Amino acid sequence: MIYRTLGKTGFEVSCIGQGCWNIGNQWKTMEEKEAQAIIREAYDCGINLYDVADNYGQPNGTSELRLGKCIQDIRSKLFLVSKIGHWGERSGQPVPYTTPDMIRLCGHASLGRLQTSYLDVVLCHDGFIEDPSVFIEGLEALKKEGFIREYGISTDSLAVLKRFYEMSDGHCSVVELEYSMVCPEAETNGLLDYCIEKDLGVLVRGPLAQGLVTGKYTKESVFTDSIRINYNKGQRYRKKFEQCIDIMERIKMEFGDENLIELALQYVNSHEAAPVSIPGATSIRQVRSNAKAGDRLLDRQSLELLRKINK
């Protein structure tokens, strides 16, 4: 496993992290023992960064609860990243993020569910936020109180990131963004360049494009899970889905049908911004496959060919 410094945080983290959205029953019903096996297998494979959010899981908080229960003996060896911004939306009672105290309240709740006295990183989970002052003040308070070490934002908008960074007086140190070999917009819209300029730690969600990089889906595929149902015909992300499928067809023509997951993760990790990929997993087999990709980066020829294909 390759380890790298997460921007200006100074944290030495595995280039493959463990995304914990999948362990909370939203992608498929999962028994707690299965979730715990995934969490521990990731650690055994050399992964030391876990990414979660307060609202992940059905019901809200399930992913944090499951993660917190089985890392007590290894907590000091891990870097925990969580997010604040969507609590209660699915159940019809969203938290009003109108005062810094509400941000503090959500941060304290995450600490309780994760059974830890501190979080390494907390992110604002509103990628379209126009005025982040309440979030920044609340996160600064949590940092001064000793409950979080660093903070930042999850967004795919350069304008939102710049505003958040500037309003935080440069205290923003981590950004989570979407990036994959079939969704490479972060390369062209200035996001990754800005992260390099400001020495921001980069966490990449969706490095496997919610499974689309496996190459097993076509435009005739129909999704039944509550997340990817939006890829189906007539749904909000149909156009994006079809674009991803077209790119995958071109990639398979050049690289074949094997080792596509490894190729996708190494593509992300090979970017000059030194990102950390945070793929999820619904099985131990997937954890092992993801971790294996962290042993090396892509050669320059393969990286440039992929960048040419996905333009």
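Strand 6 (residues 119-124) is mostly covered, with six of its six residues buried, where buried means under 20% relative accessible area, exposed means over 50%, and partly exposed lies in between (1.4 Å probe, protein chains only). Helices (H or I, at least four residues) and strands (E, at least two) are DSSP runs, numbered from the N terminus. This is a predicted model, in which local features need pLDDT of at least 70 and side-chain atom pairs count only at pLDDT 80 or more, while totals for chains, interfaces and linings use all residues. Residues are numbered from 1 along each chain as its sequence is written, and side-chain values use heavy atoms, with hydrogens and water left out.

Strand 6 runs parallel to strand 5, and four bridges join the two; strands are taken to pair if DSSP finds at least two bridges between them. In this pairing S82 stands opposite V122 of strand 6. Strand 6 also pairs with strand 7 (residues 148-154), in the parallel sense and over five bridges, and here L123 stands opposite G152 of strand 7.

## Crossovers and the sheet

Strand 6 takes part in a right-handed β-α-β unit with strand 5 and helix 3 (residues 100-114), and in a right-handed β-α-β unit with helix 4 (residues 133-144) and strand 7. A crossover is called right-handed if, with the strands pointing away from the viewer, the path from the first strand over the helix to the second runs clockwise.

These strands belong to an open sheet of eight strands with parallel pairing, in the order 3-4-5-6-7-8-9-10. Its edges are formed by strand 3 (18-19) and strand 10 (276-277), each of which pairs on one side only. Strand 10 pairs with strand 9 in the parallel sense over two bridges, and V204 stands opposite S277 of strand 10.

## Salt bridges

A salt bridge is counted where a side-chain nitrogen of Lys or Arg lies within 4 Å of a carboxyl oxygen of Asp or Glu, and by this rule the count comes to 25 salt bridges. One of them joins the side chains of R40 and D73 at 2.7 Å, N to O. R40 lies in helix 1 (residues 32-44) and D73 in the loop between helix 2 (62-69) and strand 5 (79-84), so the pair ties together parts that are 33 residues apart in sequence. R40 is partly exposed, with a relative accessible area of 26%, whereas D73, at 54% relative accessibility, counts as exposed.

Within helix 8 (residues 238-255), E249 and K252 are three residues apart, a separation of about one helical turn, and their side chains meet in a salt bridge of 3.2 Å, N to O. E249 is partly exposed at a relative accessible area of 35%, while K252 counts as buried at 17%. In a further salt bridge, the closest N and O atoms of R296 and E262 are 3.7 Å apart. R296 lies in the loop between helix 10 (284-292) and helix 11 (300-309) and E262 in helix 9 (residues 260-269), so this pair ties together parts that are 34 residues apart in sequence. R296 is partly exposed, with a relative accessible area of 44%, and E262 counts as buried at 16%. A network of salt bridges links E187, E272, R300, E304 and R307.

## Aromatic rings and charges

The structure holds ten aromatic pairs, where rings of Phe, Tyr and Trp (its six-membered ring) pair if their centres lie within 6.5 Å, and planes under 30 degrees apart count as stacked, over 60 as edge-to-face and the rest as tilted. Among them is the tilted pair of Y217 and F223, with 5.1 Å centre to centre and 45° between the planes. Y217 is buried, with a relative accessible area of 15%, and F223 counts as buried at 5%. Y231 and F241 form a stacked pair, with 5.4 Å centre to centre and 25° between the planes. This pair links distant parts of the chain, with Y231 in the loop between strand 9 (201-205) and helix 8 and F241 in helix 8, ten residues apart. Both Y231 and F241 are buried, and ring pairs link Y217, F223, Y231 and F241 into a cluster.

A charge is said to sit over a ring if NZ of Lys or CZ of Arg is within 6 Å of the ring centre and within 35 degrees of the ring normal. The charged end of R75 sits over the ring of Y118, 4.1 Å from its centre, and the charged end of K240 sits over the ring of Y237, 6.0 Å from its centre.
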